[in-house]
Amino acid sequence: MMAAPATINASGYFSVSRTGTSLGEGVIRMPTATKGSLEVAGQTITLTGNSAAKTLRGKLGGQSFTLKIKTRNLLSGKVGADSFELVRQVLRAIPVSEISKFDAGPPEAIQAILNATPDYLAATGDPSIFWHHFGNVCYRGRLDGTARLLCIASDPGPAECLPFARRTLIGDSGQKTQGFLAKLGLTRSYVLVNAFAVAMHPGAKSKGLAVLKTNEAIKTARHALYNALLAGGVLEAIVAFGDVAHRALDNWAQASLAAAAIPLFKVAHPAAVDRNGSGNDAALKGWATAVKKLRTIVTPDPDGDAAGPNFGKYFTELDYVRIPRWDFPKVTPAYVGDDSWGRAATPRHNNCCRRPSPDDEQSLILTPPAGSGQELRYLYQAGKLSGAKNKDGQPVAVDAFGIEV
């Protein structure tokens, strides 16, 4: 598979300057390798791309320019005799109106359901299926009956298990999914849950699917949460991401006439969407098709935009959307849920958290952006944080949420 053309990869948010004077923020949109636009200083400039030459051409103030794509993060050229430069923005400022918002946790009735989630190791008797030491991660979004879209994912990844987050779909897959929600005009009125509350070993998927279907304790807890979210009466659609979530949705719909009566959608897991960057894959097409249909079903939020561009041939930087602060606990660092800095890094990495190699099944490695703290190795035992170490293996004092003290 060939990677996306450089002109496609130039899509994103930039700081724009002319002869060193800031023109503010610019947005490059390249839906195809040869045609796109640059929005800057109140203008929308038509761009013509040449992927072989790695250039973008346009006109600013009646003067022609050619931008050379030096790297994915730097484009430069001239407008007349003036220098013209675009530097990719990462970790864009969170709006003042949002920065103080946070998720205070589930309502009492939902918390009781979450508390009844069984110990997966005890429920299965098999330590090879789940990373049980990392504990349960059950949701992200609205649990107060205001969600109009229910999304079901498979199981929590490393970022989701970070001690200060503990929310579903917040890493690379989560930021892709947030882009999916944004295209429906949803900024708040959604809830995301898992098929499994505990991270599953990919190599144990066949065992996991058997647990999904036949383990009554885990199934009962899962359906209790799903049914509680449905009971609010405002859900307009349900979307399952990936085949594990598809099975979970099928099992629930077979057991619940109310769930089966709501429009149901099955799409690819976000990790499968444009996996190789080559574009036009079946997973991405499936997302675009679902968005088109869901726009006729799901009511947008007042501050959302369901009329913007759908997914195109490629999944670009503009299709990623930062996880909003109101989806996180108050203690979650501001960079969590926005891995734009990692996607712009060399080498590129799409998540701030990873499993160690070799995997000891009891620790996760957090790599924050520069200026946001040191790399930490979090240690877990029986579903709880048990400590932290730095890169040198020395103990680091942290609180119950993994924040250095």
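Does glutamate 98 count as buried or exposed, and at what relative accessibility?

Reply: The model is a predicted one, and every value below is computed from it. Glutamate 98 has a relative accessibility of 6%, and therefore counts as buried, the limit for that class being under 20%. The residue belongs to helix α2, which covers residues 96-99. When neighbours within four places in sequence are set aside, the contacts of glutamate 98 are Arg322, Pro324, Arg325 and Trp326. By contrast, serine 278 is 180 residues from glutamate 98 in sequence, and the two C-alpha atoms are 35 Å apart in space.

One of those contacts leads further. Trp326, which glutamate 98 touches, also has arginine 188 over the face of its ring, at 3.8 Å from the ring centre.

Tyrosine 13 leads in turn to the largest pocket, where Tyr13, Ala182, Leu318, Tyr320 and Val321 are the residues nearest the centre, out of a lining of 46 residues. Two or more lining residues come from each of β3 (35-40), α5 (172-183) and α11 (340-343). Helix α5 makes the greatest contribution, with five residues. The volume of this pocket is about 1,300 Å³. By class, its lining holds 17 nonpolar, 15 polar and 14 charged residues.

Tyr320, named among the residues nearest the centre of that pocket, is also part of an aromatic cluster, in which ring pairs link it with Phe180, Phe241, Trp287, Phe311 and Phe315. Across the whole structure, 13 aromatic pairs are found. One of these joins phenylalanine 130 to phenylalanine 196 in an edge-to-face arrangement, with 5.0 Å from centre to centre and 70° between the planes. The two residues come from distant parts of the chain, 66 residues apart: phenylalanine 130 is in the loop between α4 and β9 (139-141), and phenylalanine 196 is in the loop between β11 (190-194) and α6 (205-214). Phenylalanine 130 and phenylalanine 196 are both buried.

Phenylalanine 241 is buried, because its relative accessible area is 0%. Tryptophan 287 also counts as buried, because its relative accessibility is 0%.

The second largest pocket has a volume of about 830 Å³. It is lined by 30 residues, and those closest to its centre are Gly135, Asn136, Val137, Arg166 and Gly383. At least two lining residues are supplied by each of α3 (108-115), α4 (120-124) and β17 (384-389). Of the contributing elements, α3 gives the most, with three residues. The lining divides into 18 nonpolar, seven polar and five charged residues.

Rolling a probe the size of a water molecule over the atoms shows where empty space is left. The structure holds one cavity of 30 Å³ or more. The largest cavity contains about 140 Å³ of space. Its lining comprises 15 residues, with Thr117, Ala197, Ala221, Arg222 and Leu225 closest to the centre. Helices α3 and α7 are the elements that give two or more residues to this lining, and α7 provides the most, namely five. By class, the lining has 12 nonpolar, two polar and one charged residues.

Helix α7, residues 216-230, is also the place of histidine 223. Histidine 223 is buried because its relative accessible area is 10%, below the 20% limit for that class. Apart from neighbours within four places in sequence, histidine 223 is in contact with Asn251, Trp252 and Ala255. Like glutamate 98, which counts as buried at 6%, histidine 223 is a buried residue that lies in a helix.

Terms used: Residues numbered from 1 in each chain as written. Predicted model: local features only at pLDDT ≥ 70, side-chain atom pairs only at ≥ 80, totals over all residues. Heavy atoms only, no water. Helix = DSSP H or I, 4+ residues; strand = E, 2+ residues; numbered from the N terminus. Buried < 20%, exposed > 50% of the residue type's maximum accessible area, 1.4 Å probe, protein only. Contact = heavy atoms within 4.5 Å. 1 Å grid on protein atoms, 1.4 Å probe; cavity = no way out; pocket = protein on both sides within 12 Å on 5 of 7 lines; lining within 4 Å. Points joined across faces, edges and corners; volume = space filled by probe spheres on them. Nonpolar A, V, L, I, M, F, W, Y, C, P; charged D, E, K, R; others polar. Phe/Tyr/Trp six-rings, centres within 6.5 Å; stacked < 30°, edge-to-face > 60°. Lys NZ or Arg CZ within 6 Å of the ring centre and 35° of its normal.
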